[in-house]
Amino acid sequence: MKLPRAFFARDTVTVARELLGQRLVRLEAGRRLSGIIIETEAYVGETDLACHARAGRTPRTTVMYGPPGCAYVYLNYGLHWMLNIVTERNGFPAAVLIRAIEPMEGVEVMRRRRGHVPDRQLTNGPGKLAQALHITGSLHGHDLCARGAVLFVERAGNAAPSAILARPRIGIHSVPEPWRSLAWNFRLSRE
DNA sequence: AGCACGATTAACT
DNA sequence: GTTAATCGTGCTC
């Protein structure tokens, strides 16, 4: 069952932690592609200097200022699409970056898209999972909570707090403290 | 100019 | 097996 807007309309760090263990689903051409979310990152507001909203509302970041539960998708380094889900109240710019999933349904399709890399490398990075699930800028602003959504999150269990590793966020080396060191990257520890 | 990355190298255990 | 360095790519500001 699809996570409702109320799930995303909360504190971003809480949403990032609780998304671990849930199932990201992509409907495409009548097929169901999905995977369990195993790594996320929180980006919180204009004061968070690692967040794109640090520069205020721009054409790119407008979606982050909108209702929670919508996809914030952007292109990084000219080739990697990044999937985020908008959080908090309408008007406050924040989102959770989905960094990794464990493939569940449609693995054959993912293998084809990813060029037959080893299965463990199918969706173990934000650009990789976007490629595997065919998530591009065309899904920017997509409402994950609407009826008929082709991208959404299903409740699939709860991660025990003891199973969650919190570390600094990835790839924000040039961001000043304290934001660089905030432990806002969350992942499920493997067994 | 500067990226919320990934594939490929090269150098190490 | 690992870590570190490099750079392509195109969009935002």
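Let me start with Thr 87, which sits in the loop between strand 4 and strand 5; helices (H or I, at least four residues) and strands (E, at least two) are DSSP runs, numbered from the N terminus. This is a predicted model, in which local features need pLDDT of at least 70 and side-chain atom pairs count only at pLDDT 80 or more, while totals for chains, interfaces and linings use all residues. Residues are numbered from 1 along each chain as its sequence is written, chains are lettered from A and ligands numbered from 1 in the order in which they are written, and side-chain values use heavy atoms, with hydrogens and water left out.

Is Thr 87 buried or exposed? Thr 87 is buried, at a relative accessible area of 0%. Buried here means under 20% relative accessible area, exposed means over 50%, and partly exposed is in between, using a 1.4 Å probe and protein chains only. The side chain of Thr 87 has a polar contact of 2.8 Å with the side chain of Thr 12. A polar contact is a pair of N or O atoms within 3.5 Å; within protein, one must be able to donate a hydrogen and the other to accept it, and residues adjacent in sequence count only if both atoms are side-chain atoms. Beyond four places in sequence, Thr 87 is in contact (heavy atoms within 4.5 Å) with residues including Phe 8, Val 15 and Pro 68.

Phe 8 is among the residues with the most contacts inside the largest nonpolar core, which has 39 residues. Such a core is a set of buried Ala, Val, Leu, Ile, Met, Phe, Trp, Tyr and Cys residues joined through side-chain atoms within 4.5 Å. Another core, of 15 residues, lies apart from that one and includes Tyr 72 and Val 175. In soluble globular proteins, nonpolar side chains tend to be buried together.

For contrast, take Glu 18 in helix 2 (residues 12-19). Glu 18 is partly exposed, with a relative accessible area of 35%. Leaving aside neighbours within four places in sequence, Glu 18 is in contact with Phe 7 and Arg 10.

Next, strand 2. Of the 14 residues of strand 2 (residues 31-44), 11 are buried, so this strand is largely enclosed by the rest of the structure. Which strands pair with strand 2? Strand 1 (residues 23-28) does so in the antiparallel sense over 6 bridges, where pairing requires that DSSP finds at least two bridges between two strands. Strand 5 is also antiparallel to strand 2, over 10 bridges, and strand 8 (residues 185-188) is antiparallel to strand 2 over 3 bridges. Ser 34 stands opposite Glu 105 in strand 5, and Glu 41 opposite Asn 185 in strand 8. The hairpin of strand 1 and strand 2 has 2 residues between the strands, and Ala 29 takes a positive phi near 55 degrees there.

Last, the DNA. 20 residues surround DNA strand B, and the closest include Tyr 74 and His 80; near means that a heavy atom of the residue lies within 4 Å. Sugar and phosphate make up 62% of the atoms of DNA strand B that come within 4 Å of the protein. A polar side-chain atom of His 52 is 3.1 Å from a phosphate oxygen of DNA strand B. Tyr 74 has a side-chain N or O atom 3.3 Å from a base nitrogen of DNA strand B.
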